[in-house]
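Please explain how charged side chains and a pair of packed helices link parts of this chain. Keep the account plain and give the cut-offs behind each term.

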Amino acid sequence: MSAILWVVCPKENAQSLLSLIPRNGRRRRCKFNSRLSLSAYSNAIVNPSRSSEERVYEVVLKQAALVRELRKESALDLGKPIETDGTTDWNLLNEAYERCGEVCAEYAKTFYLGTLLMTPERRRAIWAIYVWCRRTDELVDGPNASHITPKAMERWEKRLTDLFEGRPYDMYDAALSDTVSKFPVDVQPFKDMIEGMRLDLRKSRYDNFDELYLYCYYVAGTVGLMSVPVMGIAPESKASTESIYNAALALGIANQLTNILRDVGEDARRGRIYLPQDELARSGLSDEDIFRGKVTDKWRSFMKGQIKRARMFFDEAEKGVAELSSASRWPVWASLLLYRQILDAIEANDYNNFTKRAYVGKAKKLVSLPAAYGRALLGPSKLAELVKR
Ligand SMILES: CC(C)=CCC/C(C)=C/CC/C(C)=C/CC/C(C)=C/COP(=O)(O)OP(=O)(O)O
């Protein structure tokens, strides 16, 4: 592929075109084998010569491995909760989950509506995960963010490991602690999200897409990995667990890239630029152009490339939605269709993401729901049968 591009266009263009192509599981699979262990993953994190995508892919493999055995053994619908030991205070736990639901309804209305389409067990588990992510985000983005120290981040990480070991600190932690005891959710994506917050505290520029990709994985791709074990994989799905996790990761990345493109102006006013510096330079743009916030032809052309890349991640994500258990497909389709439309709205604003916020109007949101429902009726596809486990 790279050879063909090098032949038909100048080297720089070939490089930027190649960077637009999401590397799917198949290509990366060539580089890895299933013997990857946790220690290989840790090495990858400290070894800067390995690309971000390779690091992230190792987490995907590990997450997929966790549920792959379960799928083989019992053809389990993984969204089904595991029985507990009977010592739980159900009233308190129910209240904890209700509180998580309230937070979710308050901070993420559209997302909350999506969760209402899920089964009650899954819905409350997703609320508990959402609240933990929100609180983690608040550490660096909330009102107390300026007082946040590395020590405080360490304490938050300790709380995380405690709740995974059944020692929750407060009500919200108790809800998540219950969730992770019932669904095969691993701690790694949660730890990685904390790592993402640390990164956000010390970094306000991204040299290239590789660096930005890693950031997007930390803060949003992780959410995809956390969600799959709760949403469940359709028992009849023949797709590899790894390919489903890849799709979930892609949706997180696509959402975050979209979020970044929508919020360019807002972020710049906080002194932050979540765009690949090398690609900006290749388009003849600098930080000053972004702070100035003027829509020029250079900016339009740069944005077109960024939007194209985000759409490619959405396309990658689409491949996995049909493999989810039937009750989870509708909300995931709904959120995918809604979030992807933000990209259309940026185009409709003539790429002015400096002073105009791209949003999807109520009517479009309403139309998306039956469209999502229609797609959700399609379960694991015939095509997926071709993908070997
Ligand atoms: C596709 C398959 C197989 C599974 C789905 C797996 C899932 C649910 C992936 C989605 C992951 C996700 C929701 C990531 C969060 C991304 C994100 C940018 C959220 C934005 O949060 P806010 O900053 O609150 O957004 P708004 O400002 O738009 O409200």
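Arg135 and Asp170 form a salt bridge, with their closest N and O atoms 2.5 Å apart; the term requires a side-chain nitrogen of Lys or Arg within 4 Å of a carboxyl oxygen of Asp or Glu. The model is predicted: local features need pLDDT of at least 70 and side-chain atom pairs count only at pLDDT 80 or more, while totals for chains, interfaces and linings use all residues. Residues are numbered from 1 along each chain as its sequence is written, and side-chain values use heavy atoms, with hydrogens and water left out.

Helices here are DSSP runs of H or I with at least four residues, numbered from the N terminus. Arg135 is partly exposed at 22% relative accessibility, and Asp170 is partly exposed at 24%. Buried means under 20% relative accessible area, exposed means over 50%, and partly exposed lies in between (1.4 Å probe, protein chains only).

A second salt bridge joins the side chains of Arg205 and Asp287, at 2.7 Å from N to O. Arg205 sits in the loop between α11 (188-202) and α12 (209-231), and Asp287 in helix α16 (residues 287-292), 82 residues apart. Arg205 is partly exposed at 23% relative accessibility, whereas Asp287, at 16%, is buried.

Glu279 and Arg309 also meet through their side chains in a salt bridge of 2.7 Å, N to O. This pair links helix α15 (residues 277-282), which holds Glu279, to helix α17 (residues 297-321), which holds Arg309, across 30 residues. Both Glu279 and Arg309 are buried. Elsewhere, salt bridges with shared partners connect Arg135, Arg159, Asp170 and Asp173 in one network. The whole structure has 31 salt bridges.

Helix packing is the other topic. The axes of α6 (residues 90-107) and α10 (residues 171-182) come within 8 Å and cross at roughly 105°. Axes are lines fitted to C-alpha atoms over the stretch in contact, with angles from 0 to 180 degrees between N-to-C directions. The two helices α6 and α10 are therefore roughly perpendicular, a term for angles of 65 to 115 degrees.

Conventions
Angles under 35 degrees count as roughly parallel, over 145 as roughly antiparallel, 65 to 115 as roughly perpendicular and the rest as oblique.
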